[in-house]
Every structure is written in C-alpha cells, then in structure tokens.
Amino acid sequence: MLLITPTHGDSDSEQSYKMARPLELTPKLSLQLKLHAILLWSSVAFLMPVGVLLIRVSANVKSASTVRLLFYCHVASQVVAVVLATAGAVLSISNFENAFDNTHQRVGLALYAFIWLQPLVGFLRPDRGARARGAWYLAHWLLGVGVCVVGVANVYVGLHTYQERTGRSARPWTLLLTVEVAALAFVYLVQDRWSYVLRQREEAAAAAALGDGRSQGSTMYPANDHKEVVVVP
C-alpha cells in the first residue's frame, strides 16, 4: 500500500514541478497569450470600471438627456466588455492548458460566470417604485463592483503567472495597470464629491452677489447741513 499510494511529499513535489515548469513559447502561443491578455484587460480592467463610473456620474446630473446618454454609454460599455471577455474565454479554453491547477485559471473560470450573470441581472431591472427595486440595485451594484475588483486582481495574477512561467518581465505592464487602476479609483472617489464642490461654489457666488446687493442698497448719502428757511405769509 505504501508503494501504491503516493505520499504527501511526492504530491507536493509534483505540484511544485508543475507550477515551476517553464512554458515553451512559440510565436503562435505568444500571440495567443498577448491577445488573451488584451481582451481580458480591456474587458474587466477598463470597460467594466468605466461603466461603473458612468452610471455613478449620472446620479449627479440634472439634465434628463444627459442622464439618458450616460445610461446608454453604460449599457454599451458593459455589452462590449462581455463580448471581449467571452472572446478571451473561448481563446483560453480552446488553446491553453486547462488543468485549473493555479489561481489564475480558477478565478478566471468563476469570473466568466459572474460576467455573464451581471448583464442578465441588469436586464431584469424592476420598475422605479417597485418593492424589489432596492434589493435589485444593491445586488447589481455589488456584483458589478465585485467583478471589477476581482477582474483587476486576476489580471495582476495573470501577469505574475506569465512572468513566472515564461521568464519574461511583466513589470512595464504591471506598472501601466497600476497607473490605470489608480486613475480609475481617483475618479471613482472624487466624482461623488464633485457635485458637492460645485454646489459650494454656487452658494459662495450667490452669497457674494447678495452681499454686494445689500452694500449697494445701504449706501450712505452725505447729510444736508443747510438749514431750511420757512416763509410765513
């Protein structure tokens, strides 16, 4: 039985061998890896976060036409993101090793499922005023933000896996992704307070205009020191 059953040390060494085994890059495989990275980066690390920003910006817009335009841009960005993610999934499943023995592949498989679930939840949106509207909004928002966060994290993991398996440096791409994520996070945090900043500026301008009006209305005229002469007939 000891000879037949592998020990934990053997399984651990085999697992570490699989993880450390270098990937032989052919020109075709290199092109496929780059295309897979571009598709998923554009989808979960750019278009989906931009869609979240668009719908958040629309909450602070007063014009109905602008709100409608931002909503359509949100829908278009999410549809394109789903199409790109689907193309990346088909490319990876049909051309890469799919043993799902590493974090990047496992997280990616779960991410594909949630990416397709998110637009389905979006199209099942209840009407305004419906009882289920609040629960739908919370689920749609949590799922969208979760897909963005996990997707960006998996892109980082994918870049690290690429560097580990091929021996090629992925530092420039990691730095570029970090700059993009920092910019998106900055806009995400600032845009929610931008309306407050504009409102404070409008209130300050209105207060200044009111102060000027009061100062003009209360202008002091010089007193007339001349005595009035009353003529008595």
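Tutor: Axes are lines fitted to C-alpha atoms, for helices over the stretch in contact, and angles run from 0 to 180 degrees between N-to-C directions. This is a predicted model, in which local features need pLDDT of at least 70 and side-chain atom pairs count only at pLDDT 80 or more, while totals for chains, interfaces and linings use all residues. Residues are numbered from 1 along each chain as its sequence is written, and side-chain values use heavy atoms, with hydrogens and water left out.

Student: At what angle do H2 and H4 pack?

Tutor: Both are helices, that is, DSSP runs of H or I with at least four residues, numbered from the N terminus. Their axes lie 13 Å apart, and the angle between H2 and H4 is about 55°.

Student: Which word describes H2 relative to H4?

Tutor: Angles under 35 degrees count as roughly parallel, over 145 as roughly antiparallel, and 65 to 115 as roughly perpendicular; the rest are oblique. The angle here is about 55°. H2 is therefore, relative to H4, oblique.

Student: Which residues of H4 does H2 meet?

Tutor: Contact means heavy atoms within 4.5 Å. From H2, the residues taking part are His36, Leu40, Val44 and Met48. Their partners in H4 are His104, Leu111, Tyr112 and Ile115.

Student: Is Ser43 buried or exposed?

Tutor: Ser43 is found in helix H2. Buried means under 20% relative accessible area, exposed over 50%, and partly exposed in between, with a 1.4 Å probe and protein chains only. Because its relative accessible area is 0%, Ser43 is buried.

Note on methods:
Helix = DSSP H or I, 4+ residues; strand = E, 2+ residues; numbered from the N terminus.
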